[in-house]
Structures are given as C-alpha cells and as structure tokens.
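Hi,

Here is the structure I promised to pass on. Have a look at it first, and then read my notes below.

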Amino acid sequence: MAQEESTKTRLLIRNIGLLLSGDLEKPILDADTILAIDGKIAAIGKEKDIDAEGATLIIDAKGTTLAPGLIDSHVHPVAGDWTPRQNQLGWIDSYLHGGVTTMISAGEVHTPGRPKDVVGLKAMAVFAQRAFSAFRPGGVRIHAGAPVIEHGMVEEDFKDLAAAGVTMLGEVGLGSVKDGSTARQMVGWARKYGIQSTIHTGGPSIPGSSLIDKDIVLAADADVIGHINGGHTALPDEQIIALCDGSRRALEIVHNGNERAGLLTLRTATELRQLQRVILGTDSPAGSGVQPLGIIRLISMLASLGNVPAEIAICFATGNTAKIRNLTGGLVAAGRDATFVFMDKAQHSAGATVLKSVQAGDLPGIGMVVIDGVVSAQRSRNTPPATRIPEIATS
C-alpha cells in the first residue's frame with residue numbers, strides 16, 4: 001500500500017488570487033490552494049490547512065484567478081483535429097488556448113458523405129465515440145458519437161447505441177425526423193437508455209435542414225434546446241420566451257447565433273429565476289468559421305450586456321453544463337476532475353480585476369490550462385496577454 005501511495009501524482013496549486021467554483025450557488029470560494037491526486041481534486045482551502053507533502057507538481061498561481069475548465073456544449077467535430085467545413089487543421093487545440101477543456105458533439109453532421117441509413121448512422125456514431133475517446137488533442141476531452149435521428153429507427157437501435165457507449169443524440173431536426181410527435185418518441189427511446197438529446201432550434205443551418213419552431217421543440221421535449229438563439233437564424237421573440245417559460249429543459253446560447261436573441265434568453269431565464277438552465281456553446285465549426293475564443297466571448301457579452309455578474313456568467317460554461325450533461329469536470333469541488341483555467345485581466349484593460357474587466361466587456365487573458373492534473377497549455381496564443389501568469393514551481 002505504501003508503494004502504491006508513493007506512485008500517485010500529487011498536484012499542488014497555491015497562491016490562487018481568486019477561486020471560481022463554477023457553481024451558481026457559491027460561485028466564489030474562500031480558498032487559495034488546491035491539492036489534486038491522480039487528476040482528481042482532493043482538497044480545497046487555505047495553504048496552511050492542506051498537506052502538501054509529496055507534491056509531484058507545484059503551480060504557483062501568482063495571484064491569478066482559477067476557474068474550472070470551460071465546456072463548449074455545442075460543436076460539430078468530424079475526424080481528429082480537422083474540420084472539413086473550413087478545411088482547417090488544429091481547431092480543437094486552438095480552442096484549448098481559449099480555455100475550452102471539454103467539448104460536446106451535437107452531431108458529426110459535416111462528415112463528407114454522411115450516411116443517413118440506420119446501419120450507416122449507427123456505425124458512424126460508434127466510430128466517432130471510439131475515435132474521440134482515444135484521441136484528445138492537447139488533452140481536450142471530446143464527447144462525440146452523436147447520431148442524427150432518421151426515419152426508420154426503432155427502439156432497438158437506441159438500445160444498441162447505448163450498449164456501444166453512445167451517450168447523446170445529434171441535433172434532432174437535422175435528419176429526416178422533423179415532426180414533433182415522431183421526434184418525441186425517439187427522444188423518449190433515447191432517454192430510456194441513458195442517451196441525452198439536443199434539438200435544433202430556429203432556421204436551417206445546413207442543406208437538408210429546415211425551420212424547427214417552438215411547437216416542434218416543445219413537442220420533442222429534448223434534454224437541451226440547442227442554440228435557442230438560432231444557429232444562425234433565431235425564432236421570433238415570443239417563441240423564444242415561450243420556450244423558456246413552457247419547458248424546463250436546458251437553454252443553450254451559442255456564439256454563432258443571434259446575439260440579441262441570446263440576451264433575450266438570458267433576460268427571460270433571469271426573470272424566471274432559472275439561470276441554472278443556461279449553458280453555452282459555439283455551434284462551430286460552421287459557415288462563420290472556427291472561433292477559439294467563442295466561449296469566453298460569450299461569457300464577456302452576457303456579463304457586460306446581460307447584467308449578470310461575471311462569476312455567474314462563467315458558471316454557464318462550467319458547472320451548469322457539467323450538471324446538465326452529467327460530466328465529471330466543470331466544478332471546483334472534491335472528487336471532480338482537476339481541470340482548470342488560470343486567467344487574469346488582460347494587459348491594460350480598464351477593469352481593475354479580471355471580473356471587473358469581463359464585466360466591462362473585455363476578454364480575460366489565459367495564462368495556463370490544466371487538464372486532469374496535467375499542464376496542457378501555458379500562456380495562451382489566442383487571448384490578449386494576461387497581466388499575470390502562473391508558474392510551474394520547482395518546490
């Protein structure tokens with residue numbers, strides 16, 4: 001047992017200036033030190049109260065802000081770190097430099113020649129799930145293998161997918177199933193076997209897709225109302241408000257949607273006192289390109305224009321998504337993944353602190369990203385330079 005204990009990795013992070021939990025109920029923690037063992041958070045508190053003996057890696061946060069790694073709830077991966085939509089390599093690694101450590105596929109719909117028969121779509125989903133389980137660009141965890149439902153699928157197909165490890169459906173409405181009653185039946189089958197679902201909301205985004213209005217969304221009752229602010233074209237205001245009020249499912253605001261509609265969604269969720277339903281995604285890669293800073297841009301926009309504190313906006317891209325998607329990261333809490341983003345106010349930002357700078361509409365500077373207790377990136381090549389950055393300490 002002593003030998004087993006000695007081989008465990010122990011990460012100590014000290015001198016944290018501000019610790020953001022990702023949890024709406026308590027977004028700021030009174031702590032300056034974290035201990036992680038074998039990639040999981042073991043202790044959070046004041047340095048004097050934490051046993052740092054035997055640390056195999058020490059990070060001096062240098063007074064910067066630590067937050068959970070950001071989660072992009074809506075991406076469309078295809079193969080490895082390449083996207084055919086923009087014929088771009090390395091897009092996932094670029095998102096890592098925007099603080100994104102976890103991605104959720106809303107369907108691998110940009111795959112050239114994407115099969116639409118039941119056998120083919122199931123095979124492609126299992127392939128994507130297997131491939132991205134084994135391949136993590138820069139350490140980013142991609143939850144992929146999200147089949148788009150098509151007519152002809154029966155309950156046994158969802159049972160087979162679940163048995164193969166598929167845990168989510170691609171956007172309902174991007175396949176041939178576009179009527180609410182059929183979608184609801186298939187969503188119900190998926191839910192029976194532990195498979196989550198997201199529904200396309202708004203106007204068409206790719207050839208073959210079509211308008212999915214609030215009646216279809218409410219009838220389908222998917223777990224996530226995907227890009228409620230449109231991807232790209234949003235529904236009328238009254239329909240967005242009706243979705244917020246008439247459903248209890250997650251409200252996903254995306255970077256590639258209508259910004260005004262996104263703010264309307266946030267305002268409505270605030271009035272309903274249901275901010276726990278708000279999650280963030282980019283809906284990329286897409287026609288508007290690859291957006292490595294899409295999530296932190298959304299955080300900044302919602303904080304500065306949506307009148308929510310910056311630490312709450314960060315919860316939308318961390319703890320909220322983790323709880324809704326049943327993820328092991330997204331929150332700074334004992335037992336959770338030791339996956340963090342270190343940030344500080346950008347150099348020369350008018351905001352006095354990182355939170356005030358985000359509240360003012362600026363992007364934070366990212367100085368380091370840690371995934372599962374391992375340093376995956378240091379100073380970001382994509383954000384504005386942070387005023388302070390953490391350092392890997394020798395002792």
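**Helix 9 and its surroundings**

Helix 9 covers residues 294–305, so to speak a run of 12 residues, and reaches 16 Å from its first C-alpha to its last, close to the 16 Å expected at 1.5 Å a residue (the expected span is 1.5 Å times one less than the number of residues). Helices here are DSSP runs of H or I with at least four residues, numbered from the N terminus. Bear in mind that this is a predicted model, where local features need pLDDT of at least 70, side-chain atom pairs count only at pLDDT 80 or more, and totals for chains, interfaces and linings use all residues. Residues are numbered from 1 along each chain as its sequence is written, and side-chain values use heavy atoms, leaving out hydrogens and water.

Helix 9 is largely enclosed by the rest of the structure, because 9 of its 12 residues are buried (under 20% relative accessible area with a 1.4 Å probe, protein chains only). Among them are I295, L298 and M301. Just after helix 9, N307 takes a positive phi of about 60°.

Next, a neighbour: helix 8 (residues 259–271) passes helix 9 in a right-handed crossing (the near helix is turned clockwise from the far one by less than a right angle). The contact (heavy atoms within 4.5 Å) is made by E259, G262, L263 and L266 of helix 8 and M301, L302 and L305 of helix 9.

Finally, L169 sits in the loop between helix 4 (155–163) and helix 5 (180–192). L169 is buried, with a relative accessible area of 1%. Its contacts include F158, I195 and T198.

Cheers

Terms used: Helix = DSSP H or I, 4+ residues; strand = E, 2+ residues; numbered from the N terminus. Buried < 20%, exposed > 50% of the residue type's maximum accessible area, 1.4 Å probe, protein only. Lists of a residue's contacts leave out its neighbours within four places in sequence.
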